[in-house]
Amino acid sequence: MTKKHPAKVSYGLLVFIFVIFFAPFIFDLLNNGLGHLVSIVLVGLLALYGFILYLFFQTVYTVENGQLKIKMGFFAFRVININEIKKISNTSSILSSPAPSFDRIEIKHGDFGRVIISPKDKISFSKDLSELNPKIQNNLI
């Protein structure tokens, strides 16, 4: 069984990143216009922001062959054996993770492993994992 769960994308987070990237240039553009150096920096930041958009919208969590595969764009982030998952719960952690939203869940696995992700449908996702490993302490359902 292969089931793909797309990530939930927080548009507020995207706006926040956009403001962080481009707000410093607004006053400079209004006062001094678009200079050569500023235009080069803006093109570079636009390319970087486009790459971030790509990663956000291409984050997927795949349940396949007893494994949870986490992929951000073309980066394979992590593979977790579903039989090693111990607990699934909501989290408000802001740690860096393959979760393009603030609506996140934490998966504890193995002895000390944990990963924070943001599937679009958290309940369906957690049920799929619990079906494969009924020992998971699922705090979402």
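**Ground rules.** I number residues from 1 along each chain as its sequence is written, and I use heavy atoms for side-chain values, leaving out hydrogens and water. Because the model is predicted, local features need pLDDT of at least 70 and side-chain atom pairs count only at pLDDT 80 or more, while totals for chains, interfaces and linings use all residues.

**Helix 2.** I took helices (H or I, at least four residues) and strands (E, at least two) as DSSP runs, numbered from the N terminus. I checked the length of helix 2 first. Its 22 residues should span 32 Å at 1.5 Å a residue, and the end C-alpha atoms are 32 Å apart, which agrees. The expected span is 1.5 Å times one less than the number of residues.

Next I looked up which residues of helix 2 are buried (under 20% relative accessible area; exposed is over 50%, partly exposed in between; 1.4 Å probe, protein chains only). They are V38, L42, L45, Y49, I52, L55 and F56. These residues cover an arc of only 140° around the axis, so they sit on the same side of helix 2. The arc is that of the directions from the helix axis to the C-beta atoms. On the face turned away from the buried side I found the exposed residues H36, V43, L46 and A47. The buried residues of helix 2 pack against helix 1, strand 2 (59-64), strand 3 (67-72) and strand 4 (75-81). Contact here means heavy atoms within 4.5 Å.

**The largest pocket.** A pocket is an open set of points on a 1 Å grid over the protein atoms alone, where a 1.4 Å probe fits, with protein on both sides within 12 Å along at least five of seven lines; lining residues have an atom within 4 Å of a point. I noted about 270 Å³ of space in the largest pocket. The volume is the space filled by probe spheres set on the points, which are joined across faces, edges and corners. The lining has 13 residues, and L13, F56, S96, S97 and A99 lie nearest the centre. Helix 1 (11-32) and helix 2 (36-57) are the elements that give two or more residues to this lining. I sorted the lining by class: 10 nonpolar, 2 polar and 1 charged. Ala, Val, Leu, Ile, Met, Phe, Trp, Tyr, Cys and Pro count as nonpolar, Asp, Glu, Lys and Arg as charged, and the others, Gly among them, as polar.

L34 lies in the loop between helix 1 and helix 2. L34 is exposed at 59% relative accessible area, and beyond four places in sequence it is in contact with L29, S39 and L42. N65 is in the loop between strand 2 and strand 3, exposed at 65%. Its phi is near 50°, a positive value in a residue other than glycine. Most residues other than glycine have a negative phi.

K71 lies in strand 3 and is partly exposed at 40%. Leaving out residues up to four places away in sequence, K71 touches Q58, T59, V60, A76 and F77. Is E106 buried or exposed? E106, in strand 6 (residues 104-109), counts as buried at 9% relative accessibility. Beyond four places in sequence, E106 is in contact with K87, I88, S89, T91, R114, V115 and I116. E106 and N90 are 16 residues apart in sequence and 6.1 Å apart in space, C-alpha to C-alpha.
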